[in-house]
Each structure stands twice: as C-alpha cells, then as structure tokens.
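Here is a short walk through one protein model. Keep the sequence and the structure side by side while reading.

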Amino acid sequence: MYPKPIKNLIDIFLRFPTVGRKTATRFAFHLLNTDSSEIDRLIKELKQLKSSVHTCQFCYRSLEKERDLCSICDDKSREPILAIVERETDLISLEKTNQYKGYYFILGGNVSPLRKKDLKKVRAKDLKRRIEAPESFGVKEIKEVIIATNPTTEGEATGLFLKRVLDKFDLKITKLAKGLPVGGELEYADEDTLTSALKGRK
Ligand SMILES: [Zn+2]
C-alpha cells in the first residue's frame with residue numbers, strides 16, 4: 001500500500017514498545033515531512049546510542065561515561081536490599097519515591113507465562129551471580145530481594161520464575177504489595193501508590 005521505504009520504517013516502528021500500526025504509520029510520515037537537517041541529527045544520535053552509552057556493571061543502568069558502577073551501586077550508605085525490576089524506567093520510578101534506599105537489578109524484560117524461550121531474554125544468570133558474590137562487583141552483601149516486576153500477566157509470571165531462581169539462597173524474598181493498578185506498569189504508577197506498595201511488601 002505504501003512505497004517500500006515507508007513500509008520498512010513502519011515495520012521498524014512496529015517493534016517499539018506500545019506502538020501500534022496507526023502510530024507507526026504516523027511516525028513514518030512524520031519523518032517523511034521532516035527537514036533533512038533534523039533527519040541528520042536523528043541519524044547521528046541513533047549511531048551514538050550504542051557506542052556512547054555504557055551500562056553499570058552491577059545493575060545495568062545506562063551511564064554516559066564509562067565507569068564500573070553507577071551512582072546508586074557506588075553509594076555505600078544504601079541498605080542491603082535488591083529490587084529486581086524489568087526495565088530501567090521502573091528503577092527511575094522507584095528511585096523517585098525517595099522511599100527506597102536499596103540497590104537495583106534491571107532484568108531487561110519479562111517472561112510470558114507460556115513461552116520458555118523468554119527465559120533467555122531476562123538476565124537470570126547475571127542476577128544469581130550478583131546475589132552470590134556482590135562484593136566482586138563492589139556492592140555489599142544482599143539480605144533481602146524485592147521482586148518489583150510489573151503487575152501484568154508477564155510481570156507476575158516473571159515474579160514466579162524469579163522466586164524459583166532465588167529460593168535456594170538464604171534471602172528474605174518479598175514482593176511489592178498489591179494496590180498497584182492491575183495490568184498497569186510501575187512506570188505509570190504515581191509516587192504515593194509506589195511508596196505504599198514498597199512499604200506494604202511481603
Ligand atoms: Zn548500578
């Protein structure tokens with residue numbers, strides 16, 4: 001229906017989170033009507049994204065400069081708690097509550113209840129290594145793990161999977177309290193709701 005370059009762009013945007021066909025098509029046509037200088041800027045930023053953004057070696061948060069730990073993981077006054085989140089945006093949401101003073105681990109995705117291959121999408125092995133030997137990353141020993149996945153079907157399935165992975169460790173395992181909107185995501189929960197979900201964890 002559309003010329004190939006437009007169709008190709010639509011296919012790329014369709015893979016973006018929360019983008020459906022209508023939005024993908026709008027994005028493609030938006031770019032078609034954008035000045036060449038803006039397009040050049042976009043290309044430049046896209047090229048730099050992978051090469052100039054680094055990740056924290058403990059939590060996988062993105063960093064502008066190459067260094068071992070991010071400011072959170074490097075903060076020795078943090079409590080020995082580890083919140084496991086699906087994405088970096090969830091970390092930011094919890095951090096914004098100012099109520100959580102532990103560390104984080106970004107799983108990098110979630111697990112669909114019926115798709116075994118999804119297990120490879122999340123950093124479960126990396127997580128185990130961090131709990132087994134946090135000192136080797138420069139982080140203190142973890143005493144409690146909070147499963148802070150989203151209250152969605154995939155988030156719940158991921159939580160159950162994590163519980164199985166972590167059960168063999170001598171750890172207190174808690175989960176954010178119910179009360180977060182079901183089917184919603186941490187990223188969109190307000191700070192008060194998140195704070196009470198943290199305080200009511202069990
Ligand atoms: Zn970090």
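**The zinc site and its surroundings**

Around the zinc ion, the 4 donor atoms subtend angles of 108 to 115°, which makes the arrangement tetrahedral. The model shown is a predicted one. For four tetrahedral donors, the ideal angle at a metal is 109.5 degrees.

The donors are the SG atoms of Cys56, Cys59, Cys70 and Cys73, which coordinate the zinc ion at 2.3 Å. Along the chain, these donors follow the spacing C-x2-C-x10-C-x2-C. Cys59 sits in the loop between strand 1 (54–55) and strand 2 (62–63), and Cys73 in the loop between strand 2 and strand 3 (81–85), so this pair ties together parts that are 14 residues apart in sequence.

Are these two cysteines buried or exposed? Buried means under 20% relative accessible area. Cys59 has 1% relative accessibility and therefore counts as buried. Cys73 also counts as buried, because its relative accessibility is 1%.

Next comes helix 4, which spans residues 88–96 and has Asp90, Leu91, Ser93 and Leu94 as buried residues. These residues cover an arc of only 160° around the axis, so they lie on the same side of helix 4. The buried residues of helix 4 pack against strand 3, strand 4 (103–106) and helix 7 (191–199). Just after helix 4, Asn98 takes a positive phi of about 65°.

At the level of the whole protein, the domain assignment gives domain 1 (4–52) and domain 2 (71–199). The centres of domain 1 and domain 2, taken over C-alpha atoms, are separated by 31 Å.

Key
Residues are numbered from 1 along each chain as its sequence is written. This is a predicted model: local features need pLDDT of at least 70, side-chain atom pairs count only at pLDDT 80 or more; totals for chains, interfaces and linings use all residues. Side-chain values use heavy atoms; hydrogens and water are left out. Donors are N, O and S atoms within 2.8 Å of the metal (3.2 Å for Na, K and Ca); water is not among the atoms, so sites may look incomplete. Four donors count as tetrahedral if all angles lie between 85 and 135 degrees; four count as square planar and six as octahedral if opposite donors are over 155 degrees apart and all others between 65 and 115; anything else is irregular. Helices (H or I, at least four residues) and strands (E, at least two) are DSSP runs, numbered from the N terminus. Buried means under 20% relative accessible area, exposed over 50%, partly exposed in between (1.4 Å probe, protein chains only). Domain bounds come from an automatic or database domain assignment. The arc is that of the directions from the helix axis to the C-beta atoms. Contact means heavy atoms within 4.5 Å.
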